[in-house]
Structures are given as C-alpha cells and as structure tokens.
Amino acid sequence: MSERALPHRTVLVVDDDPEFCNLLQEVLPDHTLIFAATAFEAIRYVNSTTFHAYILDYWLPDWSGAALCREIRKTDPNAPIVFCTAAARDQDRARALRAGANAYLCKPLDPKTLRAKLGAFLSLAELESLRAKVEEERAVQEELERRLEYALAQSDHGKALAAASVERTARTKAYKAFIDARGTRAHFESWWPQVFQSARANHDVKT
C-alpha cells in the first residue's frame, strides 16, 4: 500500500460485508469512515450529514447500488462516488456509471488502486470546489448589495430579522452557484461560515 497520506475526509461506505468494511478501515486509516449496511440507512445519513466521498456496493439488501447512486446525486451532484463490488458484469458497471459513479472497482479489492483512485477524485473535487468558491463569493456579494441597504434602514428588531433573511437567501443563491460550478456539498458546508462572514465584513467596509 502507498504510504502517501490522503487528505483527511469523511467517507460514507455502503456495504453489508463486515470483512470488507474492516479492510477499508485498514486501507483508509486517514479517513473518517461512516458505515451503512442498507440503502435506507445510507439515505438517512446523506440527508443529515455531508460526505467528501462515497464507496458503494452494487447489490444491497434493500436496493441496488445504482439506484442509491442516483439518489445521492440528487443531493450531492459532484462528490466522488466509487463502487467496490463483486458484481463484475459489464451491464452492472454500465448502470453504475450512468447513475453517476466516478469509478467501478471489482472485488477482491486492490488497496493501492482504491487509494490512488480515491485520492485523485478527492484532490479533483477540492480543486473544483476552490474554483466554485469564486462563484459562491460572487453570488453572496450580489445578494448583499441587493438586500443590506434595505436592512440598514429598518428598526433594530427589523435589522436583526432582515440580517437573518439576508443570510438565508444569500446561502441559497451561493449554494446553487457553487454546485453549478461543480463544487461539492461537503466543501460548501465547511467553507460557508467563513465565506459569508468575510463577504459581510467586506461589504460593511464599503458601506
């Protein structure tokens, strides 16, 4: 196995094989791995937590990995999704890739291949998210320009309500701009507080 450390990231692993899950803990000790044995459990995690990447089996007790992949893509369009599975048929691979997978690896797993693939995808996702951050910042500035002048004209109570409303609408528009520019949900959530505070401070200086 390569000794090069991968960036520390949180990865959702959806697989009901305990031996494979134990293997992943050995292969990826520099990551936080969250395990789900079913698609239902995985969707609950996706709806409540952000992940930098996903590792899926193709056949799950309650659903197919391809169907789960499509569902994840509705919430997290750009994060890396890697299949690690014993389903080696060409049609299974094709369905997974059509569903939005970035890679399809067959078991028995080569640890070096998984680390290399995952490391490359994580690096690319971070690079694209950094580029997307520019669009996010632009969207925030535009919303601040549009809304804060109105907020400053209100009473103290009105200012507090308006400021909260500004952040909500700025976040919504910034998230869309970020995702459209191929940023990942996990990076957006991690960077948002600093991005908004910085944009607000810059705007306050100008005004």
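Colleague: Which residues of helix 1 are buried?

Modeller: A helix is a DSSP run of H or I with at least four residues, a strand is a run of E with at least two, and both are numbered from the N terminus. Buried means under 20% relative accessible area, exposed over 50%, and partly exposed in between (1.4 Å probe, protein chains only). By these criteria, the buried residues of helix 1 are Phe20, Cys21, Leu24 and Val27.

Colleague: What pLDDT do local features need in this model?

Modeller: Residues are numbered from 1 along each chain as its sequence is written, and side-chain values use heavy atoms, with hydrogens and water left out. The model is predicted: side-chain atom pairs count only at pLDDT 80 or more, totals for chains, interfaces and linings use all residues, and local features need a pLDDT of at least 70.

Colleague: What arc do the buried residues of helix 1 cover around the axis?

Modeller: The residues concerned are Phe20, Cys21, Leu24 and Val27. They lie on the same side of helix 1 because their arc, taken from the directions from the helix axis to the C-beta atoms, is only 120°.

Colleague: Which residues are exposed on the other side of helix 1?

Modeller: An α-helix has 3.6 residues a turn, so residues three or four places apart point the same way. On the other side of helix 1, the exposed residues are Pro18, Glu19 and Glu26.

Colleague: What is the strand order of the open sheet?

Modeller: Two strands pair if DSSP finds at least two bridges between them. The open sheet has five strands with parallel pairing, in the order 2-1-3-4-5.

Colleague: Which strands are the edge strands?

Modeller: Each edge strand pairs on one side only. They are strand 2 (32–36) and strand 5 (103–106).

Colleague: Over how many bridges do strand 1 and strand 3 pair?

Modeller: Strand 1 covers residues 10–14 and strand 3 covers residues 53–56. Valine 11 has alanine 53 in strand 3 as its bridge partner. The two strands pair in the parallel sense, and the number of bridges is four.

Colleague: How far is the sulfur of cysteine 106 from the closest cysteine sulfur?

Modeller: A disulfide is a pair of cysteine sulfur atoms within 2.5 Å, and the whole structure has zero disulfides. Cysteine 106 is partly exposed, at a relative accessible area of 27%. The closest sulfur belongs to cysteine 84 and is too far for a bond, at 9.3 Å.
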